[in-house]
Amino acid sequence: MKKSHVLTVVITLACWLVCIAYLTPFIWMIATSFKPIGEWATPELIPREPTLRNYFEVLVTGGIYGVRGHFPPIGRYLMNSLIVSICISIITCILGAMTAYAILRYRAGGSAFANWILSLRMIPAVAILYPLVVLTRTVGLYNTLGGLILVYPLVTLPITTWFMIGALKSVPKETEEAAMLDGCNEWQVFYKIVLPQASGGLATAAIFAFLFSWAEFLIPLLLAPGEAAMPLTVFAAYFSNQYGILWGPLAAAGVIISVPVIALAIAIQKYLIRGLTMGFVR
Amino acid sequence: MRRGVLPLILPALILLLILTIYPTIYLYYMMFQSFNPLVDFAPRFAGLDNFVTFANDSEAWYAIGIMFLLTAITVPAEVGLGVLLAIIFTSRYLQGKILIRSLMLIPMSIPAVIVGLNWKMIFFTYGPLNAFLQSLGLPPQPWLSAPFGDPFNVIFVLAVLDVWQWTPFVMLAVASGIESVPSDIREAASLDGATGLSLLKHIVLPMAKTVIMVIALLRLIDSLRIFDIIYMLTFGGPGNITTTLPFYIYKVGFTLTAAKANIGYAALLSVILLAMAMVLVIMTLMRLFKVEKIIWG
């Protein structure tokens, strides 16, 4: 056998072993979500009698094996998460694109403004959450979806803005200049000329905002602890702290919460690293 | 700046100013007040009391120390492992490169709360990890209370989780860094007789050095925010062993379960945490992350 063949086998095998080792915990959660009650605490990976019952109970009945009321069904929290994440992804991808365009083409605010937005991505949220609780209480948005939609841009807007700066770079300047000569102002140029050309970047930015607001835990934990606005992540935390050993339904909830974001992350994988490193790594 | 630009920038600017200026002013005001909602009716002026409390609060100093210990374990481990993995994952001998990279995205796309939930199952007393140990003839461990006989080891358990979740991020970022080294440079070097490891050591890694530095700093900054997995797995315990500064702020200011529970004191701790984060952020921005060059360059 040639040396290159040996290398191919060795390296491919090593990488796939690493990959499988990496995914084992997640695979375990998926397997557990299909296990019936008697197998939750058994150490086998493959369920002996696979069942969809855990999913049914988490989504619909909210009880273990026909006994209702162990925990509330997940539907309401799923709706909360969806509403907030969709609103946030629409709002912040548009605001992000506007800000990015002003920064990129007109140097609005200079590098200080760009630096400031970037630094917001890095501050520890726990440090400023108490004042934000006070703020949302004052304006009557504590414990509401509106309150979450007001505060989440602190996390998502810096990311979408920085992502859109990169995305808007590829839009050619010439058409913009022509439109300017035709009498459009900056705002008109932006939404008539630039936005349509940047639709791909806009969609990716929206997905980024969705991923981050879906995964957000600390902000809703403190800003929306009541049922009315509680998102899935906070629900999962309460659920697991109270019913720590109902592994089947817990695993099903975990799979339901993570699968949509995994799918979205893989869909934008070409841009994921660029977005997460704020455009530093292309 | 032209007038037409204002409508583009104002909505985001106003929103972000409200969300940052108000908290900043509030924190600076509260830091000189004393207010425990369980005992007091209203905040009262406390002068420098909170500062004195902080200076004498061994729990706070421990929280700061443990936060940096966690950082000191996770960041080098993530960067070291990530670079190592990036090197083998960019090898031209690897088959199925596209698929394997998509799969490696999974850990970091899972919301941290679910990562915590997932590992809670793995670490469960009768869970798979202990079953695996027993099948090897090793004793099972109480992973979240006192693994290997010492509660302090729980810190390392949390570190493993963070490393598990974020090493693939470092790997993928460094891999893009390595792949951005132009192929003609690599070819020229290999014509000069540089092969395999020496090519890597002398050409590729030096060129990817800035990327590695930036990733390390980003992880450093993020590691000061680790909260979700602590909440899910240990809630700062056993005792206060895994109570890092962010979690201590949560206990002092939100759940009011710490001995020194006080909104004013939490505000002071928040300002301290923010100051430490800002030092790191400014270092990143000034030294490595050249905003001017990235945007307009």
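1. Helices here are DSSP runs of H or I with at least four residues, and strands are runs of E with at least two. On that basis chain A of this predicted model has 14 helices and zero strands. The order along the sequence is accordingly α-α-α-α-α-α-α-α-α-α-α-α-α-α.

2. The C-alpha trace of chain A spans about 75 × 70 × 30 Å along its principal axes. Chain A has 282 residues, and 51% of them count as buried. Among contacts in chain A with a separation of 6 or more, 70% join residues 24 or more positions apart.

3. Helix α9 of chain A covers residues 186-197. Its twelve residues, at 1.5 Å a residue, should span 16 Å, and the end C-alpha atoms are 16 Å apart, so the two values agree.

4. Four buried residues of α9(A) are A:Glu186, A:Val189, A:Phe190 and A:Val194. They lie on the same side of α9(A) because they cover an arc of only 100° around the axis.

5. What do the buried residues of α9(A) pack against? Within chain A, the partners are α3 (75-106), α7 (153-168) and α8 (173-181). From chain B, α1 (6-30) is also a partner.

6. Between the chains, 83 residues of chain A are in contact with 82 residues of chain B. On the side of chain B that touches chain A, α1(B) gives the most, with 13 residues. That side of chain B divides into 65 nonpolar, twelve polar and five charged residues.

Key
Residues are numbered from 1 along each chain as its sequence is written. Chains are lettered from A and ligands numbered from 1 in the order in which they are written. This is a predicted model: local features need pLDDT of at least 70, side-chain atom pairs count only at pLDDT 80 or more; totals for chains, interfaces and linings use all residues. The expected span of a helix is 1.5 Å times one less than its number of residues. A residue is buried if 20 or more other C-beta atoms lie within 10 Å of its own, exposed if 12 or fewer, and partly exposed in between; C-beta atoms are placed from the backbone. The arc is that of the directions from the helix axis to the C-beta atoms. Two residues are in contact if their C-beta atoms, placed from the backbone, lie within 7 Å. Ala, Val, Leu, Ile, Met, Phe, Trp, Tyr, Cys and Pro count as nonpolar, Asp, Glu, Lys and Arg as charged, and the others, Gly among them, as polar.
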